[in-house]
Amino acid sequence: MAPILELSGVKAFYGQSEVVHGIDVAVEEGGMTVLLGANGAGKTTTLRAICGLVKSEGKILFAGERLDRRTTEAIAGLGVAHVPEGRGTFVGLTVEENLRLGGYTRLSAARANIQRMYGYFPILAQRRRQQAGALSGGEQQMLAIARALMMMPRLLVLDEPSFGLAPRIVEDIFAIIERIRQEEKVSVLLVEQNASLALELADHAYLLETGYIVTSGSAKALADDPQIRRSYLGY
Amino acid sequence: MHQFLQQIFSGFAAGAIYASLALALVMIYRATDLVNFAQGEMAMFSTYIAWTLVNAGLPFWGAFLMTIAISFAGGMAIERALIRPVENAPVLAAVVVTIALLLIFNSTAGWIYSYTVQDFPSPFPDRPVFGALMTTRDLGVIAVTLVMLLLLVVFFRFTATGLAMRAAAQNPDSARLCGIRVGRMLAIGWGLAAAIGATAGIMVAPVLFLDPNMMGGVLIYAFAGALLGGITSPVGAVVGGLIVGMTENLVGTYLIASQLKLTVAFALIILVLVFRPNGLFGTAIVRRV
């Protein structure tokens, strides 16, 4: 299958300094690709470059369209939904208002989509009138994913959905991500510190070190790679 | 007793004007994190536009609506042309731009319309009501302010654009990721503020008479009202404006010479900043560093 997202020779900048030095990454249509790497390897910056939130060079192709040089809001309009680091919750707004904002580019379908999201995340339906800032970390992560799905995206970009969450909640979140991927037919690009969990779910994996891709291949191959096992999986 | 009540009610009417202008200040503060010192002069200039249209023979409410539309477009244009270039500069740069705007509007109005005081028609008859506690004109001004507040609340709560504006003010990056054009939202914020200010100017002009300096004092009271209510809260702006109007009137009547009334506003501003910096309805803005 053709890749839905293809980065070729992409450099990305954090402020003025180049932190990603020309990488090639592909996400298969309907697939799930994971970017692994230590803190500061350039994972988040790569995701932010895809969504036009930081300066980048090189070619970023999404479903035949160039994403580089487009504005963040135009990229969102094309169907790339990004759940940013820190979740990007509108903390002063209610849960339902957060969802409505997710549906900003799909206004006519928003009402039905909100109900569908309440189906995936019943807890959000219970808390619909509460301020999003009052939710627990896990609930906020669910809200962030639901907000992204409101866009009916073709590509879901997730930046460390497990961050700061208890292990059991992380498992819940990943189970629902897997279910959503099947049911919504959405491709996923994931950045994750929890390498063992990510490699279980993903079909492709890339390992970033200080802005370079040092290893890539099927998730299974990387999970069996002795060096990765030692450095990232801990056994 | 009758005089006391009368002062309260006429303070209420003046307060409605301060409330409108305070609303405009809140609008821009929420959209662009900026106190717009030119808000009063923008309102004054809009009022001159309305005056020109009325003199050209338009019916009052026709001129009113047209002025609102022109002011909205003008406010958006100001944001695009003058505020956006200093968007990423230190906040002081933007403040200086608004002060420059204040002077530009003031002098331009003086140059085009001269500093001669002009009569401005009132759309409401001036008859005493409620046993001479108020006039129909006071009632009209209060009604216009409340209708405006209601429209804004509905706009921000129930429309997609209103919600997008709140989102853009709160978390611009996240708003962009939702496909919201943040720049356009800021421009709409300025447009709305200019339109609200125009309403305030048109409502106050029959009382204060029209001249290029008419909004100077009103802006100070509006600042006091906005700060008292909490500069982030539209409802707070209206409540604050009304309280300032009444306080100013009562203190001016019973405690100090009415020439010193403006000091009431300054005293209020200082008291609020010292004892309750977020105002009555405002929320503290937490900045992560």
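In this predicted model, V157(A) touches L47(A), I50(A), C51(A), V80(A), A81(A), H82(A), V83(A) and L189(A), leaving out residues up to four places away in sequence. Two residues are in contact if their C-beta atoms, placed from the backbone, lie within 7 Å. Residues are numbered from 1 along each chain as its sequence is written, while chains are lettered from A and ligands numbered from 1 in the order in which they are written. Because the model is predicted, local features need pLDDT of at least 70 and side-chain atom pairs count only at pLDDT 80 or more, whereas totals for chains, interfaces and linings use all residues.

V157(A) also belongs to the largest nonpolar core, which has 165 residues. V157(A), L21(B) and L23(B) have the most contacts inside this core. A nonpolar core is a set of buried Ala, Val, Leu, Ile, Met, Phe, Trp, Tyr and Cys residues joined through C-beta atoms within 7 Å. A residue is buried if 20 or more other C-beta atoms lie within 10 Å of its own, exposed if 12 or fewer, and partly exposed in between, with C-beta atoms placed from the backbone. Helix α1 (residues 2-32) of chain B gives the largest share of the core, 18 residues. Helices (H or I, at least four residues) and strands (E, at least two) are DSSP runs, numbered from the N terminus.

The contact between the chains takes 20 residues from chain A and 15 residues from chain B. On the side of chain A that touches chain B, α2 (72-78) and α3 (95-102) of chain A are the elements that give two or more residues. This side divides into ten nonpolar, seven polar and three charged residues. Ala, Val, Leu, Ile, Met, Phe, Trp, Tyr, Cys and Pro count as nonpolar, Asp, Glu, Lys and Arg as charged, and the others, Gly among them, as polar.

Helix α6 (residues 160-170) of chain B has the buried residues L163(B), A164(B), M165(B), R166(B), A167(B), A168(B) and A169(B). Their cover includes α3 of chain A, together with α1, α5 (136-158), α7 (172-177) and α8 of chain B.

Two helix pairs of chain B were examined. The axes of α1(B) and helix α2 (residues 39-55) come within 10 Å and cross at roughly 120°. Axes are lines fitted to C-alpha atoms, for helices over the stretch in contact, and angles run from 0 to 180 degrees between N-to-C directions. α1(B) and α2(B) are therefore oblique to each other. Angles under 35 degrees count as roughly parallel, over 145 as roughly antiparallel, 65 to 115 as roughly perpendicular and the rest as oblique. L21(B), A24(B) and L25(B) in α1(B) meet Q39(B), G40(B) and A43(B) in α2(B). By class, this contact has four nonpolar, two polar and no charged residues.

In the second pair, α3(B) and helix α8 (residues 182-208) of chain B pack at about 140°, with axes 7 Å apart. These helices are therefore oblique as well. Their contact divides into 17 nonpolar, six polar and two charged residues.

Two partly exposed residues complete the picture. E87(B) lies in the loop between α3 (60-83) and α4 (91-113) of chain B. E87(B) counts as partly exposed because 13 C-beta neighbours lie inside 10 Å. Y212(A) is found in strand β10 (residues 212-218) of chain A. With 14 other C-beta atoms within 10 Å, Y212(A) is partly exposed. Leaving aside neighbours within four places in sequence, Y212(A) is in contact with H21(A) and I23(A).
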